[in-house]
Amino acid sequence: QVQLVESGGGLVQAGGSLRLACAASGSISSIDEMYWYRQGPGKQRELVAIISRGGSANYADFVRGRFTISRDNAKNTVYLQMNSLKPEDTFVYYCNAWVIGYYGRRNFWGQGTQVTVSS
């Protein structure tokens with residue numbers, strides 16, 4: 001059906017930047033909202049940012065002003081530009097999307113990408 005594949009995670013020093021990408025592939029007619037979440041060990045997954053198909057974005061307070069979500073509808077890809085990273089941004093980051101296809105409108109998750117920020 002549909003796969004979401006994240007990339008761009010890794011190890012970075014505090015104050016540095018990373019750019020995550022999440023590419024959707026498969027039986028896709030269009031994609032509505034796309035999201036980035038993050039999750040730490042033993043913790044609930046938390047919403048980081050959301051972007052509509054038209055490009056309207058919203059952010060969690062803890063990343064506003066440091067992270068930027070964007071998307072390329074032609075490539076079915078969502079990005080997360082993360083600047084001024086802090087050690088407390090160390091999490092597994094997941095993308096999520098509402099995808100429309102022959103199956104209707106369904107929600108899909110990526111497999112996650114680890115972001116580690118060293119102090």
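View 1. At 0% relative accessibility, Cys95 counts as buried (buried means under 20% relative accessible area, exposed over 50%, and partly exposed in between, with a 1.4 Å probe and protein chains only). Everything here comes from a predicted model, in which local features need pLDDT of at least 70 and side-chain atom pairs count only at pLDDT 80 or more, while totals for chains, interfaces and linings use all residues. Residues are numbered from 1 along each chain as its sequence is written, and side-chain values use heavy atoms, with hydrogens and water left out. Cys95 forms a disulfide with Cys22, and their sulfur atoms are 1.9 Å apart (a disulfide is a pair of cysteine sulfur atoms within 2.5 Å). The pair links distant parts of the chain, with Cys22 in strand β3 (residues 18-26) and Cys95 in strand β9 (residues 91-101), 73 residues apart. Strands here are DSSP runs (E, at least two residues), just as helices are (H or I, at least four), and both are numbered from the N terminus. Cys22 is buried too, with a relative accessible area of 1%. The link of Cys22 and Cys95 is right-handed, with 45° about the S-S bond. How many disulfides does the structure hold? The count is 1. As a reminder, a disulfide is a covalent bond between the sulfur atoms of two cysteines.

**View 2. The largest nonpolar core.** Here we look at the largest nonpolar core, which has 31 residues (such a core is a set of buried Ala, Val, Leu, Ile, Met, Phe, Trp, Tyr and Cys residues joined through side-chain atoms within 4.5 Å). Which residues have the most contacts inside it? They are Trp36, Leu80, Met82 and Tyr93. Several elements give two or more residues to this core, including β1 (2-7), β4 (30-39), β5 (46-51), β7 (67-72) and β8 (77-82). Strand β9 supplies the largest share, 5 residues.

View 3. Thr113 sits in strand β11 (residues 113-118). Is Thr113 buried or exposed? Thr113 is buried, with a relative accessible area of 11%. Not counting residues up to four places away in sequence, Thr113 touches Glu6, Gly9, Leu20, Phe91, Val92 and Tyr93. A polar atom of the Thr113 side chain lies 3.3 Å from the backbone nitrogen of Gly9.

**View 4. Arg105 with Asp32 and Glu33.** This close-up shows Arg105 in salt bridges with Asp32 and Glu33 (a salt bridge is a side-chain nitrogen of Lys or Arg within 4 Å of a carboxyl oxygen of Asp or Glu). From N to O, the distance is 2.9 Å for Asp32 and Arg105. Asp32 lies in strand β4 and Arg105 in strand β10 (residues 104-109), 73 residues apart. For Arg105 and Glu33, the N to O distance is 3.0 Å. Arg105 lies in strand β10 and Glu33 in strand β4, so this pair ties together parts that are 72 residues apart in sequence. Arg105 is partly exposed at 43% relative accessibility, and Glu33 is partly exposed at 26%. Besides Arg105, the contacts of Asp32 include Ile51, Arg53, Arg71, Trp98 and Ile100. Asn73 is 41 residues from Asp32 in sequence and 9.8 Å away in space, C-alpha to C-alpha.

View 5. The side chains of Asp61 and Arg64 meet in a salt bridge of 2.4 Å, N to O. Asp61 is exposed, with a relative accessible area of 65%, whereas Arg64 is partly exposed at 46%. Elsewhere, salt bridges that share partners join Arg38, Glu46, Arg66 and Asp89 into one network. The structure holds 6 salt bridges.

**View 6. Tyr102, Tyr103 and other aromatic rings.** A search of the whole structure finds 6 aromatic pairs. Rings of Phe, Tyr and Trp (its six-membered ring) pair if their centres lie within 6.5 Å, and planes under 30 degrees apart count as stacked, over 60 as edge-to-face and the rest as tilted. Tyr102 and Tyr103 form an edge-to-face pair, 5.0 Å centre to centre with 75° between the planes. Tyr102 is exposed, with a relative accessible area of 65%, but Tyr103 is buried at 12%. Tyr35, Tyr37, Tyr94 and Trp109 form one aromatic cluster.

Methods. A polar contact is a pair of N or O atoms within 3.5 Å; within protein, one must be able to donate a hydrogen and the other to accept it, and residues adjacent in sequence count only if both atoms are side-chain atoms. Contact means heavy atoms within 4.5 Å.
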